[in-house]
Structures are given as C-alpha cells and as structure tokens.
Amino acid sequence: MSKKYFGTDGIRGEFGAEPLTENFFVLLGAAISKSLLKSKDCKKRILFGCDTRESSNKIVNLISSGLSSKHCSLSNAGIVSTPAIAFYTRKNKYDLGIVVSASHNLYHDNGIKIFNKDGFKISLEDEDYIENYIEKLLSENYQCDKTEYNLIDVSEDIKREYIESCLNTISLDKNINNNMKLTLDLANGANYLIAKEALIEAGYQVSCYNDKPNGKNINDKCGSTYLKNLPEQIKLNDSEYGISMDGDGDRIIIIDKHNNILDGDDILYTIVRGKIINNEKVFGIVGTTMTNAALENYLKNNDIDFVRANVGDKYVLNEMRKYNYDLGGETSGHILMLNHSTSGDSIIAALQFLFYSDILAKNKINSILEKYPQKITNIFFKQDMPENIIDIAIKEASDKFSDNELRLIIRKSGTENCIRIMAEAKNIDIVNDKSLHIKEYIDNRLKLLL
C-alpha cells in the first residue's frame, strides 16, 4: 500500500500547497517527536540541514516548533548537502538528522529526508510510524502549545569535518594527475561552496558556475538533470571533465571534454574497472531496474555478482546491506559506497571517479561503458489523477508490449507526477519505435479510463 506523504526519497511537494502547508510541517515535527524519539536511550538530539530554497529556513523553524514540545536539543548546520548531514549525524551521535530539501526539483517544491543515528535513511516502517502519527494528530485537531526552541549553529564544524572526511576517501599522494582542470555545475544548491573547496584541497584546478543561489534558482536549467550548458563551460575552461551535481548534493552526472555523458552506470563501471586494475576485490554491485544491461554483463564476465533493486537509493542501500556489498548506485547518478559513506555523495563519487579514471587512463582504457541503446520517456499527469487508473494503465502497457527483444520498465515516479517508461534493446530503432507506441498507448488508456 502506497504512503500518503513519503515517496521514493522522503517527503516532497509544492510548499504551501496541500498537503505540505505550514501547519503540516509543525505536525510533522510533533509526529517525529512522538514516534521516533521514544526509546529510553534517545537523548532527543536532532540535527538540521537544508538546501538553498527560499522556503528551507521557514520549514526548519516549523518542524522545530513541532519538536519543541518534547524538549529536543536542536542543532542547525545551515546550507549543507544531504550526505553531509548523514555523515555528521552518525559521527556526532545525533538521534536524527533532518535535511530540508526537494533534491533535483525546482525551488517551489520542498520537503525532507530523515536519517537515523547510524547515518542511514529511516526505514519504511519508521515512515509508516510517522504517517500514522500525523493522521492521529490531524484527527485530534492537534495544536502545538509550545513553540520556543533554540537552534545551535554547527555550520562551521560540519563544513570542516565533512570536507576532511571526503578527502580521506582517496590517497592524495597516489593521485598523480590531480592537477587536471575541472568544471563544476553546482546547481545553485547545497554544495555551492563546499564542493569547490573539497576538490581544490584535493589538488584539482576548479572552475565553478551555477554557484550563486538566490533562493529561486536551484536546479533551474542547471545541475545533474539539465546538462545542456555544461559542454560549453567545459570548453571555455579547457577542462578534462565537467561534474554536475544536483540541488542537495547526493548525486552527479559527468561530461568529459569530448562531450560524452557519463551517468551512474559509467561511474560505477569506471570505479569497478579501476579497482580490478588496482587489485582491489569487488564482491558484488547493486544497481536498479534502470541499470543498463551492458554493465550487468560486464560484471558477470568478471565474476562480480550483480543485484537489481527498485529505483530509489534507499532500495539500493537495502540490497547492499543485505548482501554486504560496498558499492552500488543508480543510473541517475546516486553512487553509494558504504566503505566511505552511508548516503549517496556527489563529492565522494567525484573524487572516486577521478581517482579510478586516472588509473584507467594510464592503462589506455576508456571510462565510458559501451551501453545498449536505452530511452527514458516521461508521461506527466495532473496531481489528482487516481492512483488506481495509473496502475491499470501501467499494467496493461507492460503486458501488451513486453517481449524478448526489449527490456521494458514502466513505473510511476516517486518524486514527480509522471509515469516513466524505460525501453532498452540492442537495436536503437526498436527502442525508439516501442517507446513512441507505449507512450501513445498509455496516454490513450489514461483518457479512456478516467
């Protein structure tokens, strides 16, 4: 059964519109305090961080107001990436880390991601627990009777400790080619300062753009979901690579100086192949239903286990922990390395890619995975579209178009009001033809079923 508020990655939607009103975030704070802060060993220490959206500080304050009735100790890291909160929550023994962000969405959307004391996103059961309390509070017409709280500023401490932790993931003295030029697209988001500092300290010559947030320009024609302008910036800066991060800093897409786009599959391929050359053992990798079959075949040919999870980094993480694998990720650019971080981390992923791509370059091996043709088609729908209608259309399309020559995934997005169609085959003509017909079929079924 689908949740009312939590999606694939936390809670996300338009701030100020139902259900994400100001009162909702007060209720959310109260629900969190009543559900996740009850254990006897809980000290009720909460860490906040946020991205650059104009609504982020207000949401931090609203949730804090809801938490205040339970006399929580609240710390605020200010503008900082999602992985930085995961890191600092674990390192400094907070009970929860709360990131106010809508990731790669535009500024009018916002929401939260919650991390437990071990730096992992809270479980599906914990999400249910919070949702049940929200509904209970709504039914009781709950009113917050205590709104006084104090947010302790830890922004400088987290910045220093987080950059140091990122740099500790690579051997700087062994990375001979660390004078290369890089261009960073920082999406006017959470990493607009820290990412540049980290990569400069690693020894790279760094040029940045989309690093001037104004509250409304986060992810606006920039970042890892909008790559149109990055090749020109790479050329202007004479860079070897352009590294594009998303608004909350947990994923990356890379473009090289030849305009080749390297997505999460290419990044995993580069890291794995570099590790093999470097005589590092890789036991297994977790991808998703969207991971290109070419990566799966490469891994299997090298006796490396491969597991597919549902789309969403929390599902990838669950499978990684189940099989005790260190490395996994999504095509969209979430790269998880549990030997370094408990969350997808764009800075660590960039450092790891650059380190292992240098090893590949020295061995005259390309960092680009020769993929099977794959196409993603999005069908957007209105927010009030009945979920059962969407499910029926997806099921009927999957049954009608599935065959042996096509790998087909049709699913409802967990972050946007759209249906995503992923078609993959060895022949590009099959991919294009099937994608078009599937889209037309679903469009028509949605209209007829309503």
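**Exercise 1. Decide whether Leu74 is buried or exposed in this predicted model.**

Solution. Leu74 has 2% relative accessibility. Buried means under 20%. Leu74 therefore counts as buried.

Now place the residue. Leu74 belongs to strand S4, residues 73–79. Beyond its neighbours within four places in sequence, Leu74 touches Ile46, Phe48, Ser64, Leu67, Tyr149, Asn150, Leu151 and Ile152. Leu96 is 22 residues from Leu74 in sequence, and the C-alpha atoms of the two are 10 Å apart.

**Exercise 2. Classify the ring pair of Tyr129 and Tyr133.**

Solution. The whole structure holds 11 aromatic pairs. In the pair of Tyr129 and Tyr133, the ring centres lie 5.9 Å apart and the planes meet at 50°. Stacked needs under 30 degrees, and edge-to-face needs over 60. The angle of 50° therefore makes this pair tilted.

Last, accessibility. Tyr129, at 33%, counts as partly exposed. Tyr133, at 15%, counts as buried.

**Exercise 3. Find which ring lies under Arg45 and which under Arg321.**

Solution. Start with Arg45: its charged end sits over the ring of Tyr94, 4.1 Å from the centre. Then take Arg321: it lies over the face of Phe120, 3.8 Å from the ring centre.

Terms used:
Residues are numbered from 1 along each chain as its sequence is written. This is a predicted model: local features need pLDDT of at least 70, side-chain atom pairs count only at pLDDT 80 or more; totals for chains, interfaces and linings use all residues. Side-chain values use heavy atoms; hydrogens and water are left out. Helices (H or I, at least four residues) and strands (E, at least two) are DSSP runs, numbered from the N terminus. Buried means under 20% relative accessible area, exposed over 50%, partly exposed in between (1.4 Å probe, protein chains only). Contact means heavy atoms within 4.5 Å. Rings of Phe, Tyr and Trp (its six-membered ring) pair if their centres lie within 6.5 Å; planes under 30 degrees apart count as stacked, over 60 as edge-to-face and the rest as tilted. A charge sits over a ring if NZ of Lys or CZ of Arg is within 6 Å of the ring centre and within 35 degrees of the ring normal.
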